[in-house]
Amino acid sequence: MDRRSFLTYNAAAAAVPLTGMALTGLSRAAVAASRPAPIDFKSNLPAAGTFPDRWICGSPSCMDNTDPPVQVHWYNPHTAILRQNKAYSYEAPFAPLYFGNERVLLLDEGFVQLRNDWDLRGVVDQCIEDWCRRNGRDPASLELLVAFSHLHADHYAATNQFADRPNTRYMGLTHEEFVGFWGMTNFPEERVTLDLGGRDILIWGSPGHVVSELAYYDSYSQILYTGDMFYRGRCYITFWEPWFESMKRLIAFCDTHPVTHVMGCHVEISKDGQDYPYGLTWQPDEAPVQMTVQQLREAYAYAQTITEPGIYFTGTVFLCNQTRGTTTIDRNPYRYT
């Protein structure tokens, strides 16, 4: 199927009849009667949810770490958030998993390639099986969309684990495939809607950290997912003007849509605002991944005062404006005061 057409694709049109031929009216009614009622993702919003008090965040010795390679936290019954153990990768990215009546969306796959390193696909499949068991669904009836916020390896490296998975589509690694997967023709301003089956995800361009970058808004939980362009840590801004325009779009969106949490893909900062050095695999007192709209607004207000490259602390994030990406804060020549 053409990737640009799947948003308007009628899944029922491709359904294979049970007998291999057209179903009779009676058999259609029998099949419909056996299906559970669709989940209502439109009422009583936002859907309540919780974040854990503490995420798995590595250990003093990676050799002695006994935690699983990925933590699965159910934010609510229809939303899971995965987080890679820092002992397996200092990047420790987060990966939301959104369930709808017809599709499941996985955002950002973690910094792993081989399933025998650690099996992300197995974890995702288990989450889908658990959700289907709770909701009377068949896992084979759900399409899995494997997508990411931007084109950096710690966000797409595990995509190959899903290459032979049935009923699965995943993004390509060129800019054209990245935006074309959602049918975008006017990046970054265009906003498209992904229907997971009664649950809408709004998607638009958010470049600045890199050129190929997207923001995602879940209308059910009302979480705004900002990937690497805004998160608790070192926001490496490669292209200042596009990033500033992306921030303006985020603020404008928050002016017109309810947002429960702003969520980035990493945490690189402690609860008291101290930077964890680049490459660290142990963050014992890390800040929570979730942020508020007010913190986003404060960072945007601060950004309006920035006129030259450097590192600027907003009180929530470090804005690393056109600095070397792998330089730790305390050694950077643009060190903040």
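Arg-121 is buried at 11% relative accessibility, where buried means under 20% relative accessible area, exposed over 50% and partly exposed in between (1.4 Å probe, protein chains only). The model is predicted: local features need pLDDT of at least 70, side-chain atom pairs count only at pLDDT 80 or more, and totals for chains, interfaces and linings use all residues. Residues are numbered from 1 along each chain as its sequence is written, and side-chain values use heavy atoms, leaving out hydrogens and water.

Arg-121 forms a salt bridge with Asp-125, with 3.7 Å between the closest N and O atoms; the term requires a side-chain nitrogen of Lys or Arg within 4 Å of a carboxyl oxygen of Asp or Glu. The two residues sit four apart in helix H2 (residues 120-135), so about one helical turn separates them. Helices (H or I, at least four residues) and strands (E, at least two) are DSSP runs, numbered from the N terminus. Asp-125 is also buried, at 18% relative accessible area.

Arg-121 forms a salt bridge with Asp-164 as well, the closest N and O atoms lying 2.5 Å apart. This pair links distant parts of the chain, 43 residues apart: Arg-121 is in helix H2, and Asp-164 is in the loop between helix H3 (153-156) and strand E6 (168-170). Asp-164 is exposed, with a relative accessible area of 61%.

## Arg-169 and Glu-143

A salt bridge joins Arg-169 to Glu-143, with closest N and O atoms 2.4 Å apart. It links strand E6, which holds Arg-169, to strand E5 (residues 143-147), which holds Glu-143, across 26 residues. Both residues are buried.

## Network and total

Salt bridges link Glu-102, Arg-103, Glu-143 and Arg-169 in a network. The count of salt bridges is 14.
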